[in-house]
Amino acid sequence: MNRPFHSFLRGLYFVAALLLISAEAAATPDILQWQTANGAHVYFVAAPQLPMVDIQVVFDAGSARDEGKDGLAVLTNGLLAEGAGKLDADAIAERFDAIGAHFSNSALRDMSVVSLRTLTDKKLLNSALDTFATVLQQPTFPADALERVRNQMLIGLQDEEQSPGAIAEKAFYRALYGTHPYASPSDGTSDSVKALTRDEVVSFYQRYFVAHNAVIAIVGAVDRKQAEHIAEQITQRLPAGNAAPALPPVQALTKAESIHIPHPSTQTHILMGQPGMRRNDPDYFPLYVGNFILGGSGFTSRITNEIREKRGLAYSAYSYFVPMREEGPFMLGLQTRNASADESLKVLHETLEKFAQGGVTEKELAAAKRNITGGFALNIDSNSDIVQYLALIGFYHLPPDYLDTFIARINAVTVEQVRDAFARRVAPDRMITITVGGNR
Amino acid sequence: MLHPLTMRLLAALLSLPLAACAAAPTSPVAPTKETVLDNGMHVIVREDHRAPVVVSQVWYKVGSSYEHDGLTGISHVLEHMMFKGTPKHPAGEFSRIIAENGGRENAFTGTDYTAYFQQLEKSRLPVSLELESDRMRNLLLPPEEFTKEVKVVMEERRMRTDDNPDALTYEQFMAAAYQVSPYHHPVIGWMTDLEHLDVADLRHWYQEWYAPNNATLVVVGDVKTDDVFAMAKKYFGEFKPSDIQSPKPRTEPPQKGERCIVVKAPAELPSLIMGYRAPSLVTTDAQWKAYALEVLAGVLDGGESARFARELVRGQQIAAAASASYGLTDRLDTLFTLSATPANGHDIKQLEQALRDQVKRVRDELISSDELARIKAQVTAAKVYERDSVFYQAMQIGTLATVGLDWREGDRYAERINAVTPEQVRAVAREYLVDDQLTVARLDPQPIDRKHPPKSGGMNQGVMR
């Protein structure tokens, strides 16, 4: 066990897991797909090499479903393992720990995620599944646990208030999304969290934790029959229910806006952006490849080159799309000492403008394609990678041959498509710009 | 800002958690072989054929604990400069070539090591070995690149430490707990030292430590061991060894009583760090003691059912979060560290008392057989889970080989943990968790004044060479 901050990296800003970099003609996993008796979609890949299995259950029950009760999705998700069936929080924790199983849960804007990793030795697997099934299907939301988790959420909010990066991100989403559900922070505000009630948690669970609103991803040393059994066991007691309704569309920004939030930090954190793209957006591939060149590929991207390599202005400088159910943000960011904030902002903006006007060169595009496709094997080299892909494919309704065709679709992107997509989708004169830091 | 996902990934990769290096009887470790080139360079290869990928890491025995006063942070700055070119591959070429080959690459510096890595489709391994071999001996260190890069490192320091009250507290805590040991200073270095570093310092540091006989190449993936040995010989075998001087011991003298410090910084939340001096697996007088300390950390903080989560977070609800950690694989004497944030309605004094009560209990009472069984089960499972990541496997081998342990110790971890008894856990608690060997740091939050933030980056503004 090492101390925190023990090691320092030169800087990694690939956001591969969000952007799903992918695909060469290498072998892709064989994905089997079916529905449980009550209608949950299941995605399964057999991986017999290691005696373990990963299970991820994803509900369309993220904070976009909070309906003004900010923090409700996170609180509901966070309470699942705090009491279920006849088990209290201690018993649930003991049952997972005693067999070395890993349980985890989290909620973001789109998704509410519940995961299990366990050994597949029969006795251990049965025990882990039994507890997991109880947690998913029979949470009891004990009142005392709710108060404790509420307090932990409030502490978490205070923690964010001392972090200029976290302050910037919250302000960014608020400014970008206005009245859209994506505007609110997933973990709520101190007022909203204090106001949440147990009844609200129970009805949120009853509405959204239903089979038709769930996707199950399974990867590991089980066969199809076992996987079918697992999927039934962990969802059969959920009502069939209905899928969550469509979210409202995101409104485009009509003008540029800059917001400065003073903070006693030595650096200014800068976030700039607009609504970007949906996960199954028709412009996904040109925007993804284009951004890879602009600011998504670390040390070989234009933004890192201009901000860090040429000028030494920041440790980390990047741009990325966060593809979501509706248009997730396109964001550019960096952090620099307060005195350099204006210069950095100018360079960042100029780099974006130049990109939006001039697009990419054939040479840049070819290099990006070689990087993305040549590294495909790395993106699916572990069970934990593959289970994430399955959950994404299922949750965002991507085509089942998504992994098989990814390389071809990357290779099909042209210079003109990148130019056209950025011209239509990115407007450098209508960016939200958030700065958090000291005087400059 | 690192993406939070990346941060979590790094946290997972860069720590060797309790359950990280166990050996499961059901899942024998993949074949791992070692060779030493004529020039003294170590090469360790583990074949893992689950996916057509390979990870290659070059580890150097140098890090912040090798640094002298006035030069703190130099190992990390040199790591950054290792991407700034050789006569054959000018600045930026390294990253461009790896990207061209679909690879991912980076580097990291710790107290006891500096390491460089690439992850590639398996056929591209020679690309990475050729580039690593080139920069082991032919680094240019252009002054104009240094001038920019050291600014980048200062921004990194501001981001990670200066503007993060918990990190700032931790840095001060380490400086108080260690007076003579080089763990006293931070890996990233003191700002004043970064400001006065120059390229001649770096050139000297590079010549002193970057040599085949101070390096270990670790390759894990879908490769044939003999092929990798042959490639290692081809790319690194020509280099002559250097005369490497061991760093001076700088042994921490006995501590004569408890130390307490307070850090005042703009913050919302108080926090607490308590560190007891303890030997590492490298420095211990008896191996079992190090493993008993590992088990002790697991008893307190090895999962949601461990004592801290069960009693402090859920039971007494005195902590919003609490953790225990132990520097098992540190090259020098280390700390057994408890850290925590109070829950609403409790102050830091109550929290500190609760942690001291926990310490008293492990000194007074034997841990239960259930607790020990739980830790052993976690270790067994983790040994299987860790094989899902070739990168993690390489990290583990590289760390052990570089701090002066036998890398095979990772494969014996479960066996060692399984041999630990409740009596041994109590014995190490009694020997090491004593008040006179304790350093306590408290973060005392100051109001976050948004009306009068400091001008232009405060004291660190614009002091550049």
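Here is a short chat about a predicted model, covering the domains of chain A and a sheet in chain B.

Colleague: Which element gives the most to the side of domain 1 of chain A that touches domain 2 of chain A?

Modeller: Where they touch, domain 1 of chain A puts in 44 residues and domain 2 of chain A puts in 55 residues. On the domain 1 side, the elements giving two or more residues are α1 (16-19), β3 (41-46), β4 (52-59), α6 (164-177) and β9 (214-220) of chain A. With 9 residues, the top contributor there is α6(A).

Colleague: And how many residues on that side of domain 1 of chain A are nonpolar?

Modeller: That side of domain 1 of chain A also has 8 polar and 5 charged residues. The nonpolar ones number 31.

Colleague: Over to chain B: which strands sit at the edges of the open sheet of 5 strands?

Modeller: The order is β7-β11-β8-β10-β9 (chain B), and the pairing is mixed.

Colleague: What is the bridge partner of Gly275(B) in β10(B)?

Modeller: Strands β8 (residues 271-278) and β10 (residues 334-342) of chain B run antiparallel, joined by 7 bridges. In β10(B), Gly275(B) is partnered with Thr337(B).

Colleague: Which helix packs on that sheet in chain B?

Modeller: Look for one that touches β8, β9, β10 and β11 (438-446) of chain B. Its direction makes about 135 degrees with that of β10(B). The helix, residues 348-364 of chain B, is α12.

Note on methods: Residues are numbered from 1 along each chain as its sequence is written. Chains are lettered from A and ligands numbered from 1 in the order in which they are written. This is a predicted model: local features need pLDDT of at least 70, side-chain atom pairs count only at pLDDT 80 or more; totals for chains, interfaces and linings use all residues. Two residues are in contact if their C-beta atoms, placed from the backbone, lie within 7 Å. Helices (H or I, at least four residues) and strands (E, at least two) are DSSP runs, numbered from the N terminus. Ala, Val, Leu, Ile, Met, Phe, Trp, Tyr, Cys and Pro count as nonpolar, Asp, Glu, Lys and Arg as charged, and the others, Gly among them, as polar. Two strands pair if DSSP finds at least two bridges between them. Axes are lines fitted to C-alpha atoms, for helices over the stretch in contact, and angles run from 0 to 180 degrees between N-to-C directions.
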